[in-house]
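Please have a look at the model first, and then we will take it piece by piece.

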Amino acid sequence: MRTLVLNAEMIPTAEVPVTEALTKVFLGKAYTVEEHPRIVFRSPGLTIAAPVSIAMFRYTRLPASFYGRAALTNENLFLRDGDRCLYCLRTRKELYEAGLRLTREHVLPRSRGGPDHWENVVAACQACNCRKGSHTPDEAGMPLQGRVWVPSVGRLHRLRMDRRIRGLHAAE
Ligand SMILES: [Zn+2]
């Protein structure tokens with residue numbers, strides 16, 4: 001298990017093995033933000049929940065890369081769009097159950113010069129992607145149900161953390 005490390009401003013900065021996270025807590029350098037709902041560590045006289053995330057007490061400078069634009073990969077795109085199709089709003093899980101998966105969809109189609117940039121791509125299920133074809137959302141009568149934006153590396157880290165915490169609780 002790995003633990004997310006937040007800086008003093010609650011911005012995710014790293015992931016470390018859970019034992020390393022516990023050491024930081026024991027040394028008084030960090031505190032637990034979110035505990036794992038099930039995993040605990042036991043030693044004589046002490047039971048402690050595994051930290052899903054910890055926050056450092058001391059302020060440290062963030063690497064400049066945190067503010068930079070995130071790489072456009074399908075996984076990053078699905079993360080930005082909340083793991084759902086931005087046309088029909090079905091979640092990844094619902095799509096999976098329907099035998100469909102998420103794809104990268106170009107709002108202005110590539111065949112019409114649409115660039116492969118954050119500002120022109122959304123997560124869309126195979127059904128919506130196919131139905132929209134080489135049309136714009138207007139032409140296809142398929143309005144976008146979400147905003148298209150350029151995420152920073154740090155912003156995606158935070159979304160990834162939220163997703164992980166949601167996943168932990170969903171599994172309870
Ligand atoms: Zn869809």
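This is a predicted model: local features need pLDDT of at least 70, side-chain atom pairs count only at pLDDT 80 or more; totals for chains, interfaces and linings use all residues.

Residues are numbered from 1 along each chain as its sequence is written.

The phi of Asp83 is near 55°, a positive value in a residue other than glycine. Asp83 is partly exposed, with 16 other C-beta atoms within 10 Å; by the rule used here, a residue is buried if 20 or more other C-beta atoms lie within 10 Å of its own, exposed if 12 or fewer, and partly exposed in between, with the C-beta atoms placed from the backbone. Leu89 lies in the loop between α2 and α3 as well, and Leu89 has a positive phi of about 65° although it is not a glycine. With 13 C-beta neighbours inside 10 Å, Leu89 counts as partly exposed.

Now to the whole chain. The protein has six helices and six strands, and from the N terminus on the elements run β-β-α-β-β-α-α-β-β-α-α-α. The domain assignment, which comes from an automatic or database source, gives domain 1 (1-59) and domain 2 (72-140), and the centres of domain 1 and domain 2, taken over C-alpha atoms, are separated by 36 Å. The C-alpha atoms fill a box of roughly 65 × 40 × 20 Å along the principal axes. The radius of gyration, taken over C-alpha atoms, is 20 Å, whereas a compact globule of 172 residues would have one near 16 Å, the globule rule being 2.2 Å times the number of residues to the power 0.38.

Which strands form the open sheet, and in what order? Four strands form it, in the order β2-β1-β4-β3, with mixed pairing, where two strands pair if DSSP finds at least two bridges between them. β2 (12-17) and β3 (30-43) stand at the edges, each with a single partner strand, so one side of each is left without a neighbour in the sheet. The twist averages 35° from one strand to the next; axes are lines fitted to C-alpha atoms, for helices over the stretch in contact, and angles run from 0 to 180 degrees between N-to-C directions. Strand β1 (residues 2-6) and strand β4 (residues 46-56) pair in the parallel sense over three bridges, and Leu6 stands opposite Ala55 in β4. Helix α1 (residues 18-26) packs on this sheet, touching β1, β2, β3 and β4, and the direction of α1 makes about 90° with that of β4; contact means that two C-beta atoms, placed from the backbone, lie within 7 Å.

Let me turn to strands β5 and β6. Five bridges join strand β5 (residues 102-106) to β6, and the two run antiparallel, with His106 standing opposite Val121 in β6. Is β6 mostly covered or uncovered? β6 is mostly covered, as five of its five residues are buried: Val121, Ala123 and Cys125 on one side, and Val122 and Ala124 on the other.

That brings us to the nonpolar cores, each a set of buried Ala, Val, Leu, Ile, Met, Phe, Trp, Tyr and Cys residues joined through C-beta atoms within 7 Å. Of the 14 residues in the largest core, Cys85, Leu86, Leu102, Ala123, Ala124 and Cys125 touch the most other members. α2 (74-80) and β6 (121-125) each supply at least two residues of this core, and the largest share, five residues, comes from β6. A second, separate core of eight residues includes Leu4, Leu6, Ala21 and Ala55.

Finally, consider Val150, found in the loop between α5 (137-140) and α6 (153-170). Val150 is exposed, with 12 other C-beta atoms within 10 Å, and, leaving aside neighbours within four places in sequence, Val150 is in contact with Arg69, Trp118 and Glu119.
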